[in-house]
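Visitor: I would like to learn how to read a few features of a protein model. Could we go through them one at a time?

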Amino acid sequence: EQFLNAMTLGAIYALIALGYTMVYGIIELINFAHGDVFMVATFVSIAVSTTLLGQTGAVLDIPTLIISLIVLFTVTIVVMALVGALIERLAYRPLRNAPKLAPLITAIGVSFILQNIIQFFFGPTIVTVPQLVPVEWSIQVSGSRVPLLNLFVIAASVALMFALQLFISRTRTGRAMRTTSMDRDASSLMGVDINRTIMITFLIGSGLAGAAGVVHGLYYGNTSFSLGFQSGLKAFTAAVLGGIGSIPGAVLGGLVIGLVRA
């Protein structure tokens, strides 16, 4: 049971850590605002669940639950991807050629902005997140109770990580991202649109943070405006532990941090 808890926590941290490691791998920027992008995603998932889907608690009807989860993941990922692209365009792109300290301080400023926007609209207290997957659903494995919610969180996270790895290794855009991380100037000379590639990196990283926000809300059932700093620090540690800039390393680092916590 503790191993399952560790895998669940590790899967969430790994999804967040991927955003850190992708951005650093491309432009060598430690995006300290990424943890708060994840935090904003938990509040977006609340809005989608309650306003768009009209759900405030567990959904017992399986077809309705499946449709609700698909809509919840899709809308939250798309919204957070757009938020990430907007942050890149307004905050980081103007400082592309500035000394590295400038975008780092800007990232901390964006983090404070996101925290205060959420605190203004939702308040400083802990907010309840609808847990659409019933927490009492479970199966017995070797005498231990295995909640289906844990299995869903792990499966959803692994599927997203696998899809990312396929995208990076098999698509033309993924190849452009890999070459940009190796040598930005040479990639530009070979016809790679650097601005487009970096924006897509922020889109994907923030979208994964959106997915992490959804699974966090489903698993814990609550969130707050200060969640981004706490979880972001653990995810950043996971990214560094696995070798920041390495996608498999970020996943492994997240699992290790999850094991240590459990």
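Visitor: In which sense do strand β2 and strand β3 pair, and over how many bridges?

Guide: Keep in mind that this is a predicted model. Strand β2 covers residues 138-141 and strand β3 covers residues 144-147. The two pair in the antiparallel sense, over 4 bridges. For Val 141, the bridge partner in β3 is Ser 144.

Visitor: How many residues lie between β2 and β3 in the hairpin?

Guide: There are 2 residues between them. One point to look at in the turn is Ser 142, which has a positive phi of about 55°.

Visitor: Now the helices. At roughly what angle do the axes of α2 and α3 cross?

Guide: Helix α2 spans residues 34-52 and helix α3 spans residues 62-92. Their axes cross at roughly 140° and come within 9 Å. Angles over 145 degrees would count as roughly antiparallel, so α2 and α3 are described as oblique to each other. The crossing is right-handed.

Visitor: Which residues make the contact?

Guide: From α2 they include Val 37, Val 40, Ala 41 and Leu 52. From α3 they include Val 71, Leu 72, Met 80 and Ile 87.

Visitor: How many residues of each class does the contact of α2 with α3 have?

Guide: The contact has 12 nonpolar residues, 3 polar ones and no charged ones.

Methods
Residues are numbered from 1 along each chain as its sequence is written. This is a predicted model: local features need pLDDT of at least 70, side-chain atom pairs count only at pLDDT 80 or more; totals for chains, interfaces and linings use all residues. Side-chain values use heavy atoms; hydrogens and water are left out. Axes are lines fitted to C-alpha atoms, for helices over the stretch in contact, and angles run from 0 to 180 degrees between N-to-C directions. Angles under 35 degrees count as roughly parallel, over 145 as roughly antiparallel, 65 to 115 as roughly perpendicular and the rest as oblique. A crossing is left-handed if the near helix is turned anticlockwise from the far one by less than a right angle, and right-handed if clockwise. Contact means heavy atoms within 4.5 Å. Ala, Val, Leu, Ile, Met, Phe, Trp, Tyr, Cys and Pro count as nonpolar, Asp, Glu, Lys and Arg as charged, and the others, Gly among them, as polar. Two strands pair if DSSP finds at least two bridges between them.
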